[in-house]
Each structure stands twice: as structure tokens, then as C-alpha cells.
Amino acid sequence: MRSQGCGLPALLLLLRLLPLAPGPLPGRAGPGALSELRVRVRLPDGQVTEESLQADSGADCISLELRKGDGTLITLTADFRQEVKIFRALILGELERGQSQFQALCFVTRLHHNEIIPSESMAKLRQKNPKTVRQAEEVRGLEYLKMDIAVNFSKGAQLSPHIHNVCTEAKEAIYTREEDVKFWLEKGVDGSMFEVLPQSADLPDLQRCKQCLDRWKPCICSYSLSLEWYPCMLKYCKSRDASGKVSSYKCGIRSCQKGYSFDYYVPQKQLCLWDEET
């Protein structure tokens with residue numbers, strides 16, 4: 001059976017809004033196959049939250065999960081084999097404004113080399129003091145992404161097998177961008193899973209959702225998320241043996257913080273109520 005260590009369905013994660021007690025993960029047994037590390041990180045508003053980092057070296061993927069102060073659950077799944085990143089946001093709905101209990105979004109982008117440490121290295125991470133509140137050593141710039149293409153959920157497994165698991169509750173809200181699609185098409189991915197979304201050039205009256213007054217009109221939504229702490233690079237140290245020969249070895253990790261802002265089409269502003277003028 002395939003390990004589920006690199007992403008849980010949104011409904012299961014919704015049940016995890018209460019603090020979790022440390023315990024073994026379900027999935028494949030065996031040394032180095034599946035591991036989890038929990039670290040405490042400080043959010044921009046000053047609150048401290050727990051972040052879970054899972055690594056499955058057998059499937060060559062990692063997953064990072066953290067809960068924001070408003071209850072939103074952010075997950076990043078990195079599929080090294082397929083060179084795919086999946087961001088998933090599980091946002092609690094505003095019931096008094098006619099929204100459902102929660103809303104799930106998935107943003108799928110290309111995974112570049114050296115963005116994050118390999119799954120094998122992640123699986124070996126340990127911390128001496130679990131009570132330490134972590135802060136990133138390096139703050140990487142905010143990245144703006146125009147997500148102009150929708151991904152067909154039923155065909156998404158061809159792009160990454162983790163899409164079916166991670167984006168189950170976001171079947172109608174899986175987005176990617178044209179430049180990444182071109183890269184995947186060159187690798188032989190089936191192009192029929194992609195659908196170009198309407199843009200301003202197609203609909204002259206299409207506004208940004210924050211400027212749109214009608215909740216039932218289509219608009220361009222913006223959603224931002226931040227990974228507050230993640231192992232982005234390996235550190236190497238040097239040693240010298242008895243003969244004087246110098247060699248390098250892995251001796252730690254460098255941690256980073258990075259923010260992302262996604263712009264994408266929604267058929268009605270009701271699906272983007274967080275993006276409003278204040």
C-alpha cells in the first residue's frame with residue numbers, strides 16, 4: 001500500500017484543528033521510510049504554532065503543515081520525482097455569509113532544484129530541544145504567481161500521484177500556471193488535464209475581487225500564504241584526516257521563510273470573501 005506520509009485529505013486535517021499529541025505516523029514501517037518532525041514556529045502576528053514536517057524517502061516526497069492563527073491549515077507537498085509542488089490551503093468558511101464549513105484551494109507549481117532539502121535529508125532531521133521556538137535564518141522574497149490554468153482532478157495523478165490525496169476537497173479549485181505547464185508538457189505529461197481560465201483580455205469587465213461589489217460576479221481572486229520555517233539548504237563542514245586530505249560532510253541545515261501570492265479566476269466573488277478592501 002502507498003504511504004500517505006506526504007499529504008492527508010482535507011477532511012482529516014479539519015479534524016486536526018485541536019493540538020495534537022505526538023505519536024507514530026500511519027504508513028510504511030522501516031528505517032528512513034517515513035518520519036515526522038514537529039517544531040514550534042512564530043507567526044507574523046506573534047503567536048506560536050506547531051509545524052509538522054513529514055518525509056517519505058521511499059516515495060521521495062516531503063510534506064510541511066502549519067496552522068495559522070485564524071485556523072487556516074496550510075500544507076506544502078513536494079514531489080521530487082515529478083518535480084511538482086502542491087500548496088493546499090484549508091480555509092474555515094464564514095457561515096454567516098453563506099459559505100460552507102471550509103474552503104479548500106490547491107496551487108500546483110514546478111519544484112525547482114535546491115528549493116528545499118531532499119527527502120532523505122529531511123527524514124534524518126532531529127531537534128535537541130522540542131520546546132525551542134524556531135525562526136528562519138533567511139527570509140526569501142515574496143513570490144507572485146499568476147495561476148491562469150485549471151487542473152482536472154481526475155487526471156491530476158498523471159502530474160503527481162499526491163494530487164489525488166492532497167486536493168480531494170479542492171476538486172474544482174486546483175490551479176497552475178502556463179509556464180509550468182509548458183515544462184511538464186515537454187516531459188510528456190498529458191495536456192488534456194489542463195484548461196485555460198478566463199482572463200481580463202477575454203472578459204473586459206473582469207475586476208479584481210477586492211474591487212468587485214457584486215458577490216455573484218466573476219473576478220480575479222488573490223490568496224497569500226507563507227511558509228514560516230522550512231529547511232531550504234544543507235550546510236556542509238570540512239574536516240582534515242591524518243594525511244591532511246580535506247573532505248566535506250553534511251553538518252546541518254539552513255532554515256528559510258518564504259511567502260507566496262496567488263492570483264486566479266473565480267466564477268463568483270463569494271468564493272473569495274477574504275480578498276476585500278479594508
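**Cysteines, loops and strands**

Modeller: Let me start with C209: its relative accessibility is 0%, so C209 counts as buried. Keep in mind that this is a predicted model.

Biologist: Which cysteine is C209 joined to in a disulfide?

Modeller: C209 is joined to C219, with an S to S distance of 2.0 Å. C209 sits in the loop between β12 (207–208) and β13 (219–240), while C219 is in strand β13, 10 residues apart.

Biologist: And C219, buried or exposed?

Modeller: C219 is buried, also with a relative accessible area of 0%.

Biologist: What is the handedness of the disulfide of C209 and C219?

Modeller: The disulfide is right-handed, because the torsion about the S-S bond of C209 and C219 is about 90°.

Biologist: How many disulfides does a search of the whole structure find?

Modeller: Four. Among them is one that joins C232 to C256, S to S 2.0 Å.

Biologist: Where are C232 and C256?

Modeller: C232 is in strand β13 and C256 in strand β14 (residues 246–266), so the pair ties together parts that are 24 residues apart in sequence. The S-S torsion of C232 and C256 is about 60°, so this disulfide is right-handed. Both C232 and C256 are buried.

Biologist: Fine. What does C106 pair with?

Modeller: C106 forms a disulfide with C167, S to S 2.2 Å.

Biologist: Left-handed or right-handed, for C106 and C167?

Modeller: Left-handed, because the torsion about the S-S bond of C106 and C167 is about -105°. Both of these cysteines, C106 and C167, are buried.

Biologist: Changing topic: backbone. What is phi at D60?

Modeller: Phi of D60 is positive, about 55°, although D60 is not a glycine. D60 is placed in the loop between β2 (48–56) and β3 (61–67). With 23% relative accessibility, D60 counts as partly exposed.

Biologist: And N114, what is phi there?

Modeller: N114 has a positive phi near 70°, and is a residue other than glycine. N114 lies in the loop between β6 and α2 (119–122).

Biologist: Is N114 buried or exposed?

Modeller: N114 counts as exposed, because its relative accessibility is 66%.

Biologist: On to the strands. In which sense do β1 and β2 pair?

Modeller: Antiparallel: strand β1 (residues 34–42) pairs with β2 over nine bridges. One of the bridges has L37 with L53 in β2 as its partner.

Biologist: What is in the turn between β1 and β2?

Modeller: β1 and β2 form a hairpin with five residues between them, and G46 in the turn has a positive phi of about 95°.

Biologist: How many bridges join β1 to β7?

Modeller: Two, and β1 runs parallel to strand β7 (residues 133–134). R40 has V133 in β7 as its bridge partner.

Methods: Residues are numbered from 1 along each chain as its sequence is written. This is a predicted model: local features need pLDDT of at least 70, side-chain atom pairs count only at pLDDT 80 or more; totals for chains, interfaces and linings use all residues. Side-chain values use heavy atoms; hydrogens and water are left out. A disulfide is a pair of cysteine sulfur atoms within 2.5 Å. Buried means under 20% relative accessible area, exposed over 50%, partly exposed in between (1.4 Å probe, protein chains only). Helices (H or I, at least four residues) and strands (E, at least two) are DSSP runs, numbered from the N terminus. Two strands pair if DSSP finds at least two bridges between them.
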